[in-house]
Amino acid sequence: MISRRRTLTLCLVAALLAAAATSGVFLYYIYSGPLGKIFGIISLLERNYYQPIDRDKALEGASRGVVSSLGDPYSSYMSKREWEEFQVRTSGAYSGIGVTIDVRDRYVRIATPMKGSPAEEAGLQADDLILRVDGEPVSTSDEAAARIRGPAGTPVTLTIGRGQESFDVTIIRRDIVIPASTYSMKEGNIGYIQLLSFNEHSDREVKAAVEDLKNQGAKAMILDLRYNGGGYVNQCLNIAELFVPKGPVVTLSYKNAPSETFSSKGSGLGLPLFVLVNGGSASASEILAGAIQDSGSGILIGEKTFGKGLVQGAFPLKDGSVIKLTTAEYLTPSGRSIHGNGLEPDVEVHGDEEQLQTALEMASRAIAGS
């Protein structure tokens, strides 16, 4: 009788375990904790969802969700393909529509459409929000950029938010070549350098521009950082050598490591310097502008900058995917925190043309008084 009762009990336990396994609960209790929960959910989906489940895709979605749970728009999980596309985009040449994008208030925002680009021709404007790309919602600039990029000649449809309205725009991608900078000599021996981005060759271009303008007889310089959304910090530090005299440029403040200060070893520009900034000046642009302002080597003209004072590092995973993670906050040489605050210009001027005209007038007065 006891043996029979024991046999029935074992059969009942086996049945319960089988039922638990089919619901995904069994795996959860074997692998206790959050990891077990993830595998339990995937097992439940595999057994009960009405269509086949791609386990690899589900695990990648879980990885993406772990990083997004930080609530940091600048930290993201990137698949191997997304990481490769990110590297191409920051190299200065890619196929897409030609927009500079960032994140504000949790929305992907167009900082500026590039001159002559498909985006500008389609009527996209600065401060437009990119809500969806080909019907898929986007929440980070990396995710949006990866979806927008694609072979030249192919279409991409963006759902744009502008004011209280939203609408779809279909744009044909083209090959986009982004110069890091442009420069020219303005009337009155005023050199003008527009730094568009901090990509792989920005420092070489800016150094060549400074040398050429000086050789042409420049007696004052305007550095235009408007709509420059940042890029490689090492490029920013190299460029700072040209404008910031010997001394600190930026301090990186970490959570679990001592702060790290990077300094300029240069002698400064040696000319009156006027720096144009606005709400599209972010990240590396703010590092450079903040160092110039704090060192007193130049005057900031324009509008308050964006306020992105965080530095990201890339952490490769074994399958080729990458975690792009915010690892530090940066401070200006005087210890100012820029993140969420931005830089206040020394001379506040609104409007692109008005800002440039003010810089030219101030440069002319500086030359006349020298």
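Q: Is Arg106 buried or exposed?
A: The idea is to ask how much of a residue is left uncovered: buried means under 20% relative accessible area, exposed over 50%, and partly exposed in between (1.4 Å probe, protein chains only). Arg106 counts as exposed because its relative accessibility is 56%. Keep in mind that this is a predicted model, where local features need pLDDT of at least 70, side-chain atom pairs count only at pLDDT 80 or more, and totals for chains, interfaces and linings use all residues. Residues are numbered from 1 along each chain as its sequence is written, and side-chain values use heavy atoms, leaving out hydrogens and water.

Q: Where does Arg106 sit, and what is its phi?
A: Look for the loop between strand E3 (99-104) and strand E4 (107-113). Helices (H or I, at least four residues) and strands (E, at least two) are DSSP runs, numbered from the N terminus. The phi of Arg106 is near 75°, a positive value, and Arg106 isn't a glycine.

Q: What about Asp134: which loop holds it?
A: Asp134 lies between strand E5 (129-133) and strand E6 (136-137). Asp134 also has a positive phi, about 50°, although it is not a glycine. With 44% relative accessibility, Asp134 counts as partly exposed.

Q: Okay, and is Ala145 buried or exposed?
A: Ala145 has a relative accessibility of 6%, so it counts as buried. You'll find Ala145 in helix H7 (residues 141-148). Now look for Glu85: it is 60 residues from Ala145 along the chain, yet their C-alpha atoms are separated by 8.3 Å.

Q: How much space lies in the second largest pocket?
A: Rolling a probe the size of a water molecule over the atoms shows where empty space is left. Here, a pocket is an open set of points on a 1 Å grid over the protein atoms alone, where a 1.4 Å probe fits, with protein on both sides within 12 Å along at least five of seven lines; lining residues have an atom within 4 Å of a point. The second largest pocket holds about 250 Å³, a volume filled by probe spheres set on the points.

Q: Which residues line the second largest pocket?
A: There are 15 of them, and Ser68, Asp72, Ser75, Ser139 and Thr140 are the closest to its centre. Helix H4 (55-68) and strand E1 (76-78) are the elements that give two or more residues to this lining.

Q: How many of the lining residues are nonpolar, polar and charged?
A: The lining of the second largest pocket has four nonpolar, six polar and five charged residues. Ala, Val, Leu, Ile, Met, Phe, Trp, Tyr, Cys and Pro count as nonpolar, Asp, Glu, Lys and Arg as charged, and the others, Gly among them, as polar.
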